[in-house]
Amino acid sequence: MLNQEAVSAQSRNISAIGGATYTSNAYIQSYQEALDKAGFTA
Amino acid sequence: MSVHSFETMGTVVSVRVPDLVDTFSEGATQVRAIQLDAAVATGEAAFAKLDARFSLYRDDSEISRIARGELQLADSSDEMRKAYAEALEWRDRTQYTFTPHRPDGVIDLSGTVKALGIQALADSLFAAGFFHFLINAGGDVLAAGTTESGWRVGIANPKDSDTLLGVIELADPWHAMATSGNAQRGDHIWRRPDTDLTFIQASVVAADIMTADVLATTIIAGGQDSLDFVTHNFDVAVHVVKSDGSTLANAKFSDLLVD
């Protein structure tokens, strides 16, 4: 079992988000674009 | 970190590679950058070729010709028959829950073709001597080697786009994570009539992207029975989200969580 605690995307050093197709989810799309533009985000 | 991205198969593919710094010369670093551009372009071309052959959205694709009865499977390309045979193997390995057939009988390989593209892109990067990278194709992720802080991947929360349900690190031998959901575009998951609709998202971490992709689809298509089947029969890490927003994960998945 996994606990329910959600984590903030911004607080982590994240390279990708799994779990949503960008084309169907504006948030994920914009977040992934931000990740890609940032480039240096490891 | 260098980032390349391109659109294909109705989604976005991005490739992240840690900084290419050659300690001997700036020229060598520039050569590596050019080699990376070429490797990504080769991978992009492989995606385009797969899409042109296997997309049911394209009237002129080989698979659309088969669907219309203009081409017999026996007369189709080696690539078509090989991809179909591989998908049938996965059908057998998942107790017929994963299927390469639409309910109307038309062959639909969209459940495996994206994984073939991701693998082709990875092969292209390996062939060019790049051993540290992360490919993200519309939320399906394949990582090789590592990077300074590790390849960290967030699990989206289908109930709340402002939060993640967890962050895992992909490291050898857990190279790939794929996620399926019932609200995703282009999933083409054909559920059994008796399937419970318990799970709205399933993420599977495996050694390779095909296994991860097929098994994530299998869990969404087959519900609790398939979740049990997958976790008992495959060496994979699994995380699922139920329709009420609660989550389940097996011990292997919990081990991959960061923090």
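1. Helices here are DSSP runs of H or I with at least four residues, numbered from the N terminus. In this predicted model, Thr211(B) belongs to helix 5 of chain B, which covers residues 209–233.

2. The surroundings of Thr211(B) deserve attention. With a relative accessible area of 12%, Thr211(B) is buried, because buried means under 20%. Its side chain forms a polar contact, at 2.7 Å, with the side chain of Asp208(B). Leaving aside residues up to four places away in sequence, Thr211(B) touches Trp90(B), Ala206(B) and Val236(B).

3. How do helix 3 and helix 5 of chain B pack, and at what angle? Helix 3 spans residues 78–93, and the angle between the two is about 30 degrees, with the axes 11 Å apart. Angles under 35 degrees count as roughly parallel, and the two helices of chain B, helix 3 and helix 5, are therefore described in that way. Helix 3 of chain B passes helix 5 of chain B in a right-handed crossing. On the side of helix 3 of chain B, the contact is made by Glu86(B), Trp90(B) and Arg93(B); helix 5 of chain B contributes Met210(B), Thr211(B), Val214(B), Leu215(B) and Phe229(B).

4. Two residues of chain B call for a check of the backbone. Met9(B), although not a glycine, has a positive phi of about 50 degrees. Met9(B) is placed in the loop between strand 1 (2–8) and strand 2 of chain B, and counts as buried at 19% relative accessibility. Tyr96(B), likewise a residue other than glycine, has a positive phi, near 70 degrees. The loop that holds Tyr96(B) runs between helix 3 and helix 4 (110–127) of chain B.

5. The bond from Asp172(B) to Pro173(B) is cis, and its omega is near 5 degrees. Pro173(B) is found in the loop between strand 6 (164–170) and strand 7 (176–181) of chain B.

6. Is Val21(B) buried or exposed? Val21(B) counts as exposed, at 66% relative accessibility. Its place is in the loop between strand 2 (11–17) and helix 1 (26–54) of chain B. Val21(B) and Ala33(B) are separated by 12 residues in sequence and by 9.5 Å in space, C-alpha to C-alpha.

7. Chain A may be summarised briefly. Its secondary structure comes to 1 helix and 1 strand, and 52% of its 42 residues count as buried. The accessible surface of chain A is about 2100 Å², with 54% belonging to carbon and sulfur atoms.

Note on methods: Residues are numbered from 1 along each chain as its sequence is written. Chains are lettered from A and ligands numbered from 1 in the order in which they are written. This is a predicted model: local features need pLDDT of at least 70, side-chain atom pairs count only at pLDDT 80 or more; totals for chains, interfaces and linings use all residues. Side-chain values use heavy atoms; hydrogens and water are left out. Buried means under 20% relative accessible area, exposed over 50%, partly exposed in between (1.4 Å probe, protein chains only). Accessible areas come from the Shrake-Rupley method with a 1.4 Å probe; for residues, only the protein chains shown count as cover. A polar contact is a pair of N or O atoms within 3.5 Å; within protein, one must be able to donate a hydrogen and the other to accept it, and residues adjacent in sequence count only if both atoms are side-chain atoms. Contact means heavy atoms within 4.5 Å. Axes are lines fitted to C-alpha atoms, for helices over the stretch in contact, and angles run from 0 to 180 degrees between N-to-C directions. Angles under 35 degrees count as roughly parallel, over 145 as roughly antiparallel, 65 to 115 as roughly perpendicular and the rest as oblique. A crossing is left-handed if the near helix is turned anticlockwise from the far one by less than a right angle, and right-handed if clockwise.
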